[in-house]
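I wanted to look up how side chains pair up here, ring against ring and charge against charge. These are my notebook entries, in the order I made them.

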Amino acid sequence: MRKNILITPLAALLALSPVSAQEPEKKEYPSPNAIVDAAPASDWKAISASDLLVMDLTPDARGEARRIIIQLMPPPFSQGWIGNIRKLAAAKFWDGTSINRVQDNYVVQWGDAGYDNPESGEVEQKALPEGLVEVPESEYTTSTLPDFAGPIGFEEANEQQIAFIKNAMSIARLHMGHLDIFREDRDPDLDVKNFVMARMADRYSDINSFASGWAVGGKRDDETSETKFWPIHCYGAVGVGRNLSPNTGTGAELYTVIGHAPRHLDRNIAVVGRIIEGIDHLSSLPRGKGQLGFYADPKKRVPIQSIRLGSALPDTEPLRFEYLDTESKPFAQYADARANRRDPFFIKPAGGADICNIPVPVRRVKAE
């Protein structure tokens, strides 16, 4: 007697299919850190010691040193304030001043406690050195990027500049319209600026990109056809404290961001640098209980021993740092990996990232 053998369609398919077809090999993607670690030495740019600001706080409760290293903003951004900061450091203005404000998820501020601490009771202010300049509010933005020789506006721009603006704005608007730009078959050699900007359009700016290693936003004025650019308030950004407009601050009062990027401050306060090492010494400080996080009790303030330019330190304290060139292919790959995580831990790629979630890699170079 013949026996009938019942084989389901699925079972039959599996029986006939090769193993490789049943279990396609999963493509592996490197993590952002792996991409940075593999970047060749030629794609790293040195940071001059003269562009570093070194802040030493008094030792902590365990007697351990607390050093914070700030990289100052390069031209054309914020150079009036940068000039003042160099003069303040040379005059040793900050020696003996303090950390006066620590506001949770916002900023840490330092300088003269009598300058802007309404609950401190301080009435005297430390004298400023001579030669500081008053910087106009117009300096919060610039029409020139370091990568271009001239102003960026449709009327006077060259073809390269016009293409940069049009591509950036059109791709940004496509992204805001939720069109899928993260195709697997996209050109891996896509222009770095357009590649990055396409993933970072936001409500604060039409253009999001990187210039000479710094996060930059931009908007085109439809009336003047001029595009203005500005540095962005990301985590670790250092800005200039000021009073009410038209005051723009001298640079004597500085703060750093220790929370979610306060992008509403962009174009309203000068960004003059970023902390590249030691931000934990500031972000871990006790929060101030006074108005806006100011320390009402003078005993809570953390004394500042000194702030110096890196080039003014003894030769026995060499400071060598590099940043990953934001025009390089490894940076484009790194930006893509940050914006669209596909390494093993992640289940669903996000498909985009805020520009502040793509921090420019900076590393300390060991002395030979």
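Entry 1: I started with arginine 287, which forms a salt bridge with aspartate 104, the closest N and O atoms being 3.1 Å apart. This is a predicted model, so I read every value here as computed from it. I then checked where the two partners sit, and the pair links distant parts of the chain, 183 residues apart. Arginine 287 is in the loop between helix 7 (280–283) and strand 12 (302–309). Aspartate 104 is in the loop between strand 4 (98–102) and strand 5 (107–111). Next I looked up accessibility: arginine 287 counts as partly exposed at 27%, and aspartate 104 counts as exposed at 52%. The cut-off for exposed is over 50%, so aspartate 104 falls in that class.

Entry 2: How many salt bridges does the structure hold? I noted 12 salt bridges. I picked out aspartate 266 and arginine 263, whose side chains meet at 2.6 Å, N to O. Are these two partners buried or exposed? Aspartate 266 is buried, with a relative accessible area of 5%. Arginine 263 is buried too, with a relative accessible area of 3%.

**Entry 3: a network.** Salt bridges that share partners join Asp60, Arg62 and Glu64 into one network. I looked up one of the links, where the side chains of glutamate 64 and arginine 62 meet in a salt bridge of 3.9 Å, N to O. The cut-off is within 4 Å, so this pair counts as a bridge. Glutamate 64 is partly exposed, with a relative accessible area of 42%, while arginine 62 is exposed, with 67%.

**Entry 4: rings.** I turned to the aromatic side chains and noted that the structure holds five aromatic pairs. One of them is phenylalanine 210 with phenylalanine 331, an edge-to-face pair at 5.0 Å centre to centre, with 75° between the planes.

Phenylalanine 331 and tyrosine 334 are three residues apart in helix 8, so about one helical turn separates them. Tyrosine 334 counts as buried, at 4% relative accessibility.

**Entry 5: charges over rings.** Which ring does arginine 342 lie over? Arginine 342 lies over the face of tyrosine 29, at 4.3 Å from the ring centre. I also noted arginine 363, whose charged end sits over the ring of tryptophan 44, 3.9 Å from its centre.

Conventions: Residues numbered from 1 in each chain as written. Predicted model: local features only at pLDDT ≥ 70, side-chain atom pairs only at ≥ 80, totals over all residues. Heavy atoms only, no water. Phe/Tyr/Trp six-rings, centres within 6.5 Å; stacked < 30°, edge-to-face > 60°. Helix = DSSP H or I, 4+ residues; strand = E, 2+ residues; numbered from the N terminus. Buried < 20%, exposed > 50% of the residue type's maximum accessible area, 1.4 Å probe, protein only. Lys NZ or Arg CZ within 6 Å of the ring centre and 35° of its normal.
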